[in-house]
Amino acid sequence: MSATVLDVAVLERRFGSHEAVLVARIAAGDDGALASLYDRFASLVHGIAFRVTCDRGLAEEVVQDVFVNLWERPGSFDPDRGSVRTWLATLAHRRAVDRVR
């Protein structure tokens, strides 16, 4: 195994999942990690936002808000409280509800 694979394995044990490792990489300024999480979860975030808002434009704004929040405050993710998927879904739901208030 290469050092990179070993490093990823160590990080996954520490953070609990590959997605959590990506959040740690975002905290270190890795925009490629943000792109990976966006590719993986943007449709989930959009789907939740659209179900709440019933408006594609508002849903797209929620997607942007959620991922900008992830970029600006990756430390707000706590792997002890849940998965990245659950965290992003919760952010999406809360932001979407805020949009329709």
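Let's start with Asn 69, which sits in helix H4. Helices here are DSSP runs of H or I, at least four residues long, while strands are E runs of at least two, and both are numbered from the N terminus.

Before going on, the housekeeping. This is a predicted model, so local features need pLDDT of at least 70 and side-chain atom pairs count only at pLDDT 80 or more, whereas totals for chains, interfaces and linings use all residues. Residues are numbered from 1 along each chain as its sequence is written, and side-chain values use heavy atoms, with hydrogens and water left out.

Okay, back to Asn 69. Is Asn 69 buried or exposed? Buried, because its relative accessibility is 6%, and buried means under 20% relative accessible area, with exposed over 50% and partly exposed in between (1.4 Å probe, protein chains only). Leaving out residues up to four places away in sequence, Asn 69 touches Pro 74, Ser 76, Trp 87, Leu 91 and Arg 95; a contact means heavy atoms within 4.5 Å.

Now zoom out. The protein chain has 5 helices and 0 strands, so to speak α-α-α-α-α from the N terminus on. Of its 101 residues, 32% are buried. Take the contacts between residues at least 6 apart in sequence: 56% of those join residues at least 24 apart. The chain exposes about 6200 Å², and carbon and sulfur atoms supply 50% of that; the areas come from the Shrake-Rupley method with a 1.4 Å probe, and for residues only the protein chains shown count as cover.

On to the inside. In soluble globular proteins, nonpolar side chains tend to be buried together. What I call a nonpolar core is a set of buried Ala, Val, Leu, Ile, Met, Phe, Trp, Tyr and Cys residues joined through side-chain atoms within 4.5 Å. The largest one has 27 residues, and the members touching the most others are Leu 37, Val 66, Phe 67, Leu 70, Val 84 and Leu 88. Helices H2 (18-27), H3 (31-53), H4 (56-72) and H5 (84-100) each supply at least two residues of this core. Which helix gives the largest share? That's H3, with 9 residues. As for Leu 88, its partners are Phe 41, Val 45, Val 66, Phe 67 and Leu 70, again not counting residues up to four places away in sequence.

Next, look at H3 against H4. Their axes come within 8 Å and cross at roughly 145 degrees; axes are lines fitted to C-alpha atoms, for helices over the stretch in contact, and angles run from 0 to 180 degrees between N-to-C directions. Residues in this contact include Leu 37, Phe 41 and Val 45 from H3, and Val 66, Phe 67 and Leu 70 from H4.

Last stop, the end of H3. Thr 53 is found in that helix, and it is buried, with a relative accessible area of 10%. Beyond four places in sequence, Thr 53 touches Leu 58, Ala 59, Ala 96, Arg 99 and Val 100. Val 52, also in H3, is partly exposed at 26%.
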